[in-house]
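Good morning, and thank you for joining this group meeting.

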Amino acid sequence: MAVSKPGLNGCTPMTNRWFGLLALLALGPANAEPALWSVTGKSNTIYLFGSVHVLPAGGFAIDGALKEAYGDAELVCFEVETSKIAPEQMQSVTLARAVDPDGRNLFELLGSSADRARASATTAGIDLARFAPFEPWFAGLMISVLALQQNGYDVEHGVEQIMEAAVARDGKPSCGLETLDEQLGFLDQMPAELQHELLLQSLEEAGAIREVFEPMLAAWRAGDERALLNSVDEDFAEFPQLAEALIYQRNERWADLLGPMLNNRDDILLVVGALHLVGERSVPALLAERGFKVERR
């Protein structure tokens, strides 16, 4: 959801190029690792781990402090439990959001922005006509996903896929904070003008995907909160409505959900997009405001 880098701001790879949702070629300090938080409740602990949804092969492993938290947790939760969604259901839900209910194609929806989009696509070497059946937000998502895949990044190597595989292997209970339809709805319900701008940015950045994402991903891997927060500020400077809808409002809802969960007996590991865990309006900050003890591990 950039606007934020794909896979860091909390939506599944299916949901957006910005939400997040990558490249781990530039490494942080040798002893650094992605940030992990602990939130202490009355009788349990919730661990918060910031994820990257799309990575190259070998870009992530469950180790260090995360491995300890995973071992402690009796329940592992994600933004959306994609492992429990049947492929046909995922396709049905996605298409219901991605295709205009009134039957208009991409170029009709773009209106006066269509010529600019065609010109940007031509410059990027992208056949925009193949995305004609979809709404602008989904076309932008798919263009970014394809650009990432062409550079070796894939959802199959992302944090959630690896964590969900471990959960299935170990028989741990799991849960999701949102449904797939809810998450897609955040993008589908954006104003038309904002969808147009996001598609255009996807086209403009498709040819420089590594340059766009590697600095932020290096910061994620090093656990550099300040660099990630700076990226949020830069990415959303022209899109404050998007930041509100895709990051901050969702942080508030999640903090409301987590409050009662901190009265449980079971320890919980929550895996969400890394951009949800940095800054004064982050999930850790909101839980601290609610009186819980929050610590960086």
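Before we start, one term is required: contact means heavy atoms within 4.5 Å. Please also keep in mind that this is a predicted model.

With that term in hand, let us turn to helix H2, residues 87–98, and its partner H7. From H2, the residues Met 90, Val 93, Thr 94 and Arg 97 meet Leu 180, Asp 181, Leu 184, Gly 185 and Asp 188 in H7. Sorted by class, this contact of H2 with H7 has four nonpolar, two polar and three charged residues. The axes of the two helices are 10 Å apart, and the helices pack at an angle of about 20°. Angles under 35 degrees count as roughly parallel, and therefore H2 is roughly parallel to H7. The crossing in which H2 passes H7 is right-handed.

Helix H7 has a further partner, helix H11. Here H7 covers residues 180–188 and H11 covers residues 240–261; their axes come within 11 Å and cross at roughly 140°. That angle makes H7 oblique to H11. The crossing of H7 and H11 is right-handed. Which residues of H7 meet H11? They are Gln 183, Phe 186 and Leu 187, and on the side of H11 they meet Ala 245, Leu 246, Arg 250 and Arg 253. The residues of this contact of H7 with H11 divide into four nonpolar, one polar and two charged.

I now move to the sheet.

Strands E3 and E4 pair in the parallel sense over three bridges, and Cys 77 stands opposite Cys 175 in E4. E3 also pairs with E5 in the parallel sense, over four bridges, and Leu 75 stands opposite Ile 268 in E5. Are the residues of E3 buried or exposed? Leu 75 and Cys 77 point one way from E3, Val 76 and Phe 78 point the other way, and all are buried.

The next pair is E2, residues 45–51, with E5, residues 268–273, which run in the parallel sense over six bridges. Within this pair, Leu 48 stands opposite Leu 270 in E5, and Gly 50 stands opposite Val 272 in E5. E2 is mostly covered, with seven of its seven residues buried. Thr 45, Tyr 47, Phe 49 and Ser 51 point one way from E2, while Ile 46, Leu 48 and Gly 50 point the other way.

One of the bridge partners to look for is Tyr 47 in E2, which is the partner of Ser 38.

Thank you for your attention.

Note on methods. Residues numbered from 1 in each chain as written. Predicted model: local features only at pLDDT ≥ 70, side-chain atom pairs only at ≥ 80, totals over all residues. Heavy atoms only, no water. Axes fitted to C-alpha atoms, helices over the stretch in contact; angles between N-to-C directions. Parallel < 35°, antiparallel > 145°, perpendicular 65-115°, else oblique. Left-handed = near helix turned anticlockwise from the far one by under 90°. Nonpolar A, V, L, I, M, F, W, Y, C, P; charged D, E, K, R; others polar. Pairing = 2+ DSSP bridges. Buried < 20%, exposed > 50% of the residue type's maximum accessible area, 1.4 Å probe, protein only.
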